Amino acid sequence: ERGLKEKYGDFDAEGFGRISGRYVISCMPSFGKVGDLIDFTLSNGTVLKTIVGSNMTPSDNQWGLAGGKNAISFMVAGRTWKEGHPVPGTAGFHPEWNAAVQSAHNYGSILG
């Protein structure tokens with residue numbers, strides 16, 4: 001994740017890795033590979049524009065960790081995400097992300 005982000009992007013003010021306005025994430029290979037641009041639509045209509053920085057290691061479910069419940073993992077700046085940092089998807093920090101992935105659209109890779 002860091003190599004791709006350092007070559008093409010930066011961290012935003014909230015500490016998320018970003019490349020061309022997209023969140024740098026880790027996800028299962030079922031969604032795409034490193035460098036792929038993926039729009040995840042959540043069950044509440046929110047669209048997360050992402051780019052895959054790394055793939056999760058397949059475990060018990062092809063769609064994510066914890067039985068498929070954790071489909072996306074965001075790359076964050078470690079120094080800004082210490083104990084006490086709000087958790088994404090909670091009432092005080094991106095509550096719109098507290099929803100299930102409904103669909104994913106892969107637009108291909110920036111890596112060619």
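Let me start with a term: buried means under 20% relative accessible area, exposed means over 50%, and partly exposed is in between, with a 1.4 Å probe and protein chains only. By that cut-off, 36% of the 112 residues of the chain are buried.

A word on the source. This is a predicted model, where local features need pLDDT of at least 70 and side-chain atom pairs count only at pLDDT 80 or more, while totals for chains, interfaces and linings use all residues. Residues are numbered from 1 along each chain as its sequence is written, and side-chain values use heavy atoms, with hydrogens and water left out.

Now the overall layout. The chain has two helices and seven strands. Those are DSSP runs, numbered from the N terminus: helices are H or I with at least four residues, strands are E with at least two. Starting at the N terminus, the order is α-β-β-β-β-β-α-β-β.

Next, dimensions. The C-alpha atoms fill a box of roughly 35 × 30 × 25 Å along the principal axes. The radius of gyration is 13 Å, which agrees with the value near 13 Å for a compact globule of 112 residues. That radius is taken over C-alpha atoms, and the globule rule is 2.2 Å times the number of residues to the power 0.38.

Contacts next; a contact means heavy atoms within 4.5 Å. Of the contacts with a separation of 6 or more, 64% join residues 24 or more positions apart.

The chain exposes about 6200 Å², and carbon and sulfur atoms supply 51% of that. Areas come from the Shrake-Rupley method with a 1.4 Å probe; for residues, only the protein chains shown count as cover.

Let's zoom in on β3. It covers residues 22-27. Six of its six residues are buried, so strand β3 is largely enclosed by the rest of the structure.

Which strands pair with β3? Pairing here needs at least two DSSP bridges between two strands.

Take β2 first, residues 17-19. β2 runs antiparallel to β3, with two bridges. Isoleucine 19 has arginine 22 in β3 as its bridge partner. The two strands form a hairpin with two residues between them, and serine 20 in the turn has a positive phi of about 50°.

Then β5, residues 47-55. β5 pairs with β3 in the parallel sense, over five bridges. Serine 26 is opposite serine 54 in β5.

Last, β6, residues 73-74. Two bridges join β6 to β3, and the two run antiparallel. Here isoleucine 25 is opposite phenylalanine 74.
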